[in-house]
Amino acid sequence: MAPGSVTALARAELAARASYGRLLAVLAAPTGDIAAAEDALSDAFERALITWPRDGVPHNPEGWLLTVARNRLRDLWKSAAVRLSAPLAEGALDGTARDGARSTANGPGRTGPDAWVGSAGTVGIDALESLDTEAIPDKRIELLCVCAHPAIDRAVRTPLMLHTVLGLTAADIAAAYAVPEQTMAQRLVRAKRRIRATRIPFVLPSLTDLPQRLPAVLEAVYGAYAIDWASAEPDARAVPDSLAGEALYLAETLAALLPEEPEVLGLAALLALSIARLPARMSGRGELVALDDQDPALWDTALIERGERYLRRAQPLGRIGRFQLEAAIQSAHCDRARSGVTDWAALRTLHTALVRLSPTAGARVALAAVIGEVDGPTAGLDVLNAVARDRPDTASFQPFWATRAHLCAEAGRVADARAAYDRAVELAGDERLRAALRRRAGALPPG
Amino acid sequence: MQYSLLVISQESGDAGITEEDMEWGRAAFDAYGKALDAAGVLVSADILQPVSASTTVSLRDGALQIQDGPFADTKERLNGTFVIEVPDLDAALDWAGKCPAAQYGAIEVRPSAIVFTDGEWHQVA
């Protein structure tokens with residue numbers, strides 16, 4: 001392979017990563033047919049891989065890809081329109097019209113929900129023809145809103161975002177979620193079919209709808225970060241390394257597109273500040289290191305500064321929310337890198353505010369841990385017992401037992417601490433977390 | 001895009017509603033129908049008679065079967081339909097939320113696949 005072709009390949013791959021979501025959003029927006037846009041776009045990328053090394057990289061790679069994909073879509077819609085002009089075929093009223101099975105797509109007199117693309121395709125062609133390939137609009141936020149639309153199953157929203165906006169394959173996403181690839185592929189196909197069949201619009205929610213719609217979008221983006229911690233199998237966790245970087249990319253994209261939404265900035269801050277500490281999360285021996293034991297010298301200072309900037313921009317907007325508070329909590333922890341000590345009093349204020357705003361079991365257990373640091377282990381255990389009374393589901397909530405074990409140990413209740421560690425180990429999904437808990441239990445004094 | 005807003009609720013006879021409730025319902029549905037009409041999105045609207053007046057026809061098992069009663073006997077029933085023509089699902093959901101029946105029942109929103117107009121079946125856009 002000639003040296004020049006390597007560069008061209010690298011350019012094509014870079015264009016692929018940077019442009020995939022932008023181009024897919026623009027191509028799918030007019031008709032809502034994400035699957036057709038994906039097919040057209042992957043054809044365009046394939047052609048780029050053949051022709052760019054041979055003929056050189058075009059001056060406007062994204063515009064080139066868009067033009068090729070647009071031509072592919074136009075061909076598809078034209079042939080669909082021809083099929084539709086034929087009289088309605090027999091069988092149009094049977095199951096194929098109901099669930100829109102793609103298997104009928106090549107048969108004579110293709111019908112079913114695919115068919116609306118025929119007339120919508122005319123609209124689609126017009127919309128795509130009028131695009132300026134030198135200044136391609138960014139419709140990724142509309143695509144993110146489609147993925148997190150209330151008519152889409154909550155469980156598939158994050159995978160759908162990773163798949164459509166970042167171009168992750170079903171196999172990658174399946175590995176992160178520890179489910180079979182076939183299962184994930186099926187969920188994605190169904191969701192895309194539903195978007196097209198019910199015609200979920202690619203629009204920015206109106207200012208009145210945004211407060212209602214945005215939390216689901218932020219939740220789904222945060223979900224991409226959270227699966228890194230939640231997925232159980234150590235092998236699966238190793239596969240995409242982590243989706244934390246992808247989650248940060250989505251959050252920062254949102255922050256660039258909605259710079260006046262404090263919770264969007266709060267989410268970007270939270271992810272930047274959390275991810276900044278990942279390098280210290282594992283010891284040289286592959287052991288999990290608890291936050292308070294981490295060496296701040298290993299934290300990513302540039303990423304911390306980036307997170308702090310988002311948080312500073314959110315504050316003057318004057319609307320506090322869950323993600324801003326969680327980011328402020330992370331910021332307080334990160335401040336140890338500068339001051340050398342953890343400001344537990346500040347953390348107590350922030351955790352108290354978070355519980356008031358969003359009284360989840362996780363937030364309440366975290367507050368109990370902080371109160372244990374500030375007012376002593378007995379006070380922390382009192383708060384924890386109150387949580388257990390209100391929320392019977394804490395009986396199977398791993399952080400509850402880990403916190404209880406820690407506070408019991410601090411209070412000198414060794415037997416209780418040991419029992420709580422045992423329960424925490426049982427409930428921990430991650431083998432590295434189990435090992436860390438066992439080490440802590442092993443360090444308990446005899447008794 | 002054409003959507004059917006399917007009104008799923010208890011029947012008035014089962015729900016134990018008062019004349020006062022009925023009065024509210026008449027006024028609310030009157031206003032809703034007129035709002036759909038004024039917005040130019042209404043294709044048709046029906047409030048159905050009770051399922052006791054329902055007869056179900058099927059040839060699924062080969063021979064014609066005509067049965068008294070609804071297709072599925074459940075506590076909540078299909079009691080009305082509003083067929084509307086709007087650009088997308090968000091608009092349809094918006095109208096569904098405004099339906100008075102959403103306050104005591106549920107509105108299922110289903111896009112149409114094929115409709116019969118001008119003497120023949122058409123794919124709907």
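Reader: In what order do the elements of chain B run from the N terminus on?
Author: In this model, which is predicted, the elements of chain B follow the order β-α-α-β-β-β-β-α-β-β-β when read from the N terminus.

Reader: And how many helices and strands is that for chain B?
Author: Chain B holds 3 helices and 8 strands.

Reader: What order do the strands take in the open sheet of 4 strands?
Author: The order across that open sheet of chain B is β2-β5-β1-β6, and the pairing is antiparallel. Its edge strands, each of which pairs on one side only, are β2 (42–47) and β6 (106–111) of chain B, and from one strand to the next the twist averages 20°.

Reader: Over how many bridges do β2(B) and β5 pair?
Author: Strand β5, residues 77–85 of chain B, and β2(B) pair over 5 bridges in the antiparallel sense. To give one residue of that pairing, Ile47(B) has Gly80(B) in β5(B) as its bridge partner.

Reader: Which strands does helix α3 of chain B lie across?
Author: Helix α3, made of residues 89–98 of chain B, lies across β1 (2–9), β5 and β6 of that chain, and the helix runs at about 155° to β6(B).

Reader: Changing topic, what box do the C-alpha atoms of chain B fill?
Author: Taken along the principal axes, the box is roughly 45 × 40 × 20 Å.

Reader: What share of chain B is buried?
Author: Of the 125 residues in chain B, 16% are buried.

Reader: And which share of the contacts joins residues at least 24 apart?
Author: If one takes the contacts in chain B between residues at least 6 apart in sequence, 71% of them join residues at least 24 apart.

Technical notes: Residues numbered from 1 in each chain as written. Chains lettered and ligands numbered in written order. Predicted model: local features only at pLDDT ≥ 70, side-chain atom pairs only at ≥ 80, totals over all residues. Pairing = 2+ DSSP bridges. Helix = DSSP H or I, 4+ residues; strand = E, 2+ residues; numbered from the N terminus. Axes fitted to C-alpha atoms, helices over the stretch in contact; angles between N-to-C directions. Contact = placed C-beta atoms within 7 Å. Buried ≥ 20, exposed ≤ 12 C-beta atoms within 10 Å, placed from the backbone.
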